[in-house]
Amino acid sequence: MERKEFLKSLGAGAAFALTFPCLHGCSSDEVDGNLVEEPIGVDFIIDLNSAEAANLSENGGFILKNLVVVARNLQGEYVAASQVCSHQSYDQVRFVDQNGGIFYCDVHGSRFDQDGTPLNQVDNTAAKALKVYNTELDGTTLRVFE
Ligand code: FES
């Protein structure tokens, strides 16, 4: 299969991601992560007794699901935010134990408060808020939704 046919068979979105991985000025440094769209229509549940939720058993732990970072903050509350950074859309946002617990993207160092408020500015561009989601605990079932 020719390259052009291969890209066509993937669809426009995937072909774009493969063809232009460094739009918006990433440097020649290798970047871990992918450029993706921010998740929309988020609404899912997590069984806190399941294996996928193991990292939520302790304060400061987090998991990644459906491009959402679901974390148990340092006070034991569940918080959730987009895994897709508001800076340049890399899927590298994680929860880290800094400043009382923040969301952090290591691609260019963007930091966000737990409510999505940007805590710093990178590349001299206006920092945009990180999308955050609601969480609701019912017994051992955690719902994450918009
Ligand atoms: S994509 Fe630049 S800091 Fe996250």
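Strand β4 has five of its five residues buried, so this strand is largely enclosed by the rest of the structure. Here buried means under 20% relative accessible area, with exposed over 50% and partly exposed in between, using a 1.4 Å probe and protein chains only. Strands are DSSP runs of E with at least two residues, numbered from the N terminus.

Before going further, a word on the ground rules: this is a predicted model, in which local features need pLDDT of at least 70 and side-chain atom pairs count only at pLDDT 80 or more, while totals for chains, interfaces and linings use all residues. Residues are numbered from 1 along each chain as its sequence is written, and side-chain values use heavy atoms, leaving out hydrogens and water.

**Strand pairing**

Two strands pair if DSSP finds at least two bridges between them. The table follows the pairings with their bridge counts.

| Strands | Sense | Bridges |
|---|---|---|
| β2 (residues 62-65) and β3 | antiparallel | four bridges |
| β3 and β4 (residues 78-82) | antiparallel | five bridges |
| β4 and β8 (residues 132-138) | antiparallel | two bridges |

Strand β3 (residues 68-72) has four of its five residues buried, so β3 too is largely enclosed by the rest of the structure. Towards β4, V69 is partnered by A81, and V68 stands opposite S82.

**Rings**

How many aromatic pairs does a search of the whole structure find? The search turns up one. F95 and F103 form this pair, edge-to-face, at 5.5 Å centre to centre and 75° between the planes. Rings of Phe, Tyr and Trp (its six-membered ring) pair if their centres lie within 6.5 Å; planes under 30 degrees apart count as stacked, over 60 as edge-to-face and the rest as tilted. F95 counts as buried because its relative accessibility is 3%, and F103 is buried with a relative accessible area of 0%.

Finally, the charged end of R143 sits over the ring of F145, 4.0 Å from its centre. That description applies if NZ of Lys or CZ of Arg is within 6 Å of the ring centre and within 35 degrees of the ring normal.
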